[in-house]
Amino acid sequence: MTDVVYDPLAAARTADGPDFDVFLSGTVFLDIIFTGLKSMPSAGTEVWAGGMGSCPGGIANLAVASSRLGLRTSLAAAFGDDDYADFCWRTLAEQEGVDLSRSRRFDAWHSPVTISMAVDRDRSMVTHGHPAPISGNEMIGVPPRSRAVIVDLGHDVACGADEPTWVEVARTQGALVFGDVGWDPTGEWSPRLLDQLAGCDAFLPNATEAMAYTRTDSPNDALYALADLVPLAVVTNGAQGALAIDGATGEEAHMPALRVPALDPTGAGDVFVAGLVVGTLVGWSLRNRLAFAILCSGLAVQQFGGSLAAPGWGDIADWWHALRDSTGGGSYLASLRRRYEFLEEIVPTVPLGGVHRAAATIARHADVDRQVMPRPLPDAAQGVQPPPPRSRR
């Protein structure tokens, strides 16, 4: 049975509204994820993995996470002419419903590939690839009208270039600009990057990035510094949760992370961003936006593999029903019920068969050993476990 897409923005749609809710640009990788490894291979040795999955990665993590949450998503990316590119294109366009009208195929340009190995709740990666044949601005031209764009400020220019960038054009069309940033391999963490926040409506770094760019000593101090530069400042802080200030409403919030067995953090930050964009476009309070984004990333880290792990509304509905209907669990589960009671008004409108996680591999079926992904019974230390992922095919 084909999963039914729930539209969180149905009430806001008009005949003359934007074509898309989210527009993205970046690099798509073929991700191959090995799971069930007891240890990393040492020099000259071979180890066997209990499971393996394949899926589009890189910017595709964010595109898939957005689409599974019901946002009409468009992606501009370079694709090669090899079988890897065929698989990534087909998975994104046909299985995940991502619009690729601004993407391009290039002859004799092979797909970037990342091998990810998950060991002891962490992962190590090996990547190979070459720069795209043309820039994002050349590929996109005039971007489609959208409610929001999500940009990597380490690669995309939000403002201040000699010629208007696609990000600036999108903003003049009415899109909210959500800025993200990645690790700085140079170690410079130049504060000049923060000049780009003048062209953003929101900025969502992690705590390490936020402190490094603002030259502060705590996530809180970094948040306050960023709040002077951008209307919505959000700092994610791993197991400590996330904190944010919304300058438009005057709200300030700190939301703890879920207590869950984190198997693989790959793509969890992208899932968080997608959840926050949903809440912002719908118009939720800052606390509910943070809570929802944390829930989405908390569901993702309990599964292996980037876009494979991104939850859909069906997964969220299953989680809320399990939490709401559970008995006992002590003060922690009672606190979760209060924190997420806003879902009670939303989940009943999610259609039966709402989108769940997909199992996308080149072999068509997930080759993930269930024995290395146990589903512990819920308790006060782990919260409520969602059902296992199922294919959307």
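**A partly exposed aspartate and its partners**

Select Asp7 to begin: at 22% relative accessibility, Asp7 counts as partly exposed, where buried means under 20% relative accessible area, exposed over 50%, and partly exposed in between (1.4 Å probe, protein chains only). This is a predicted model, in which local features need pLDDT of at least 70 and side-chain atom pairs count only at pLDDT 80 or more, while totals for chains, interfaces and linings use all residues. Residues are numbered from 1 along each chain as its sequence is written, and side-chain values use heavy atoms, with hydrogens and water left out.

The side chains of Asp7 and Arg13 form a salt bridge, at 2.7 Å from N to O; the term denotes a side-chain nitrogen of Lys or Arg within 4 Å of a carboxyl oxygen of Asp or Glu. Arg13 is buried, its relative accessible area being 18%. Next, show Asp21, whose side chain meets that of Arg13 in a salt bridge, also with an N to O distance of 2.7 Å. Asp21 is buried, as is Arg13.

**A salt bridge across the sequence**

The whole structure contains 11 salt bridges. Which residue pairs with Arg171 in a salt bridge? Select Asp201: the two side chains meet at 3.0 Å, N to O. Arg171 belongs to helix H4 (residues 166-172), whereas Asp201 sits in the loop between strand E10 (176-180) and strand E11 (202-203), so the pair ties together parts that are 30 residues apart in sequence. Helices (H or I, at least four residues) and strands (E, at least two) are DSSP runs, numbered from the N terminus. Arg171 is partly exposed, with a relative accessible area of 31%.

**The nonpolar cores**

Now display Leu75, Phe292, Trp313, Trp319, Tyr340 and Leu343. Of the 73 residues in the largest nonpolar core, these touch the most other members. A nonpolar core is a set of buried Ala, Val, Leu, Ile, Met, Phe, Trp, Tyr and Cys residues joined through side-chain atoms within 4.5 Å. Helix H8 (residues 286-300) supplies the largest share of this core, namely 10 residues.

Centre the view on Phe292. Apart from neighbours within four places in sequence, Phe292 is in contact (heavy atoms within 4.5 Å) with residues including Leu69, Gly275, Val278, Trp284 and Phe342. A second, separate core has 35 residues, among them Ala76, Leu194, Phe203 and Val230.

**Two packed helices**

Select H8 together with helix H10 (residues 313-325). Their axes are 11 Å apart and the packing angle is about 100°; axes are lines fitted to C-alpha atoms, for helices over the stretch in contact, and angles run from 0 to 180 degrees between N-to-C directions. H8 is therefore roughly perpendicular to H10, a description that covers angles of 65 to 115 degrees. On the H8 side, show Phe292, Leu295, Cys296 and Leu299; on the H10 side, show Trp313, Asp315, Ile316 and Trp319, which complete the contact.

**Two residues with positive phi**

Move to Ala108, in the loop between strand E6 (104-105) and strand E7 (113-119). Its phi is near 60°, a positive value in a residue other than glycine. Ala108 is exposed, with a relative accessible area of 77%.

Then select Trp189, which is found in the loop between E10 and E11. The phi of Trp189 is near 50°, a positive value in a residue other than glycine. Is Trp189 buried or exposed? At 10% relative accessibility, Trp189 counts as buried.

**Final selections**

Select Ser307 in helix H9 (residues 306-309). Ser307 is buried, with a relative accessible area of 3%. Not counting residues up to four places away in sequence, Ser307 touches Cys55, Pro56, Ala60, Asn61, Val64 and Arg68.

Next, show His356, in the segment after helix H12 (343-346). His356 counts as buried at 8% relative accessibility. The C-alpha atoms of His356 and Asp318 are separated by 9.6 Å, and the two residues are 38 residues apart along the chain.

Finally, return to the whole protein chain, which comprises 12 helices and 14 strands. Of its 393 residues, 54% count as buried.

Definitions and conventions:
Angles under 35 degrees count as roughly parallel, over 145 as roughly antiparallel, 65 to 115 as roughly perpendicular and the rest as oblique.
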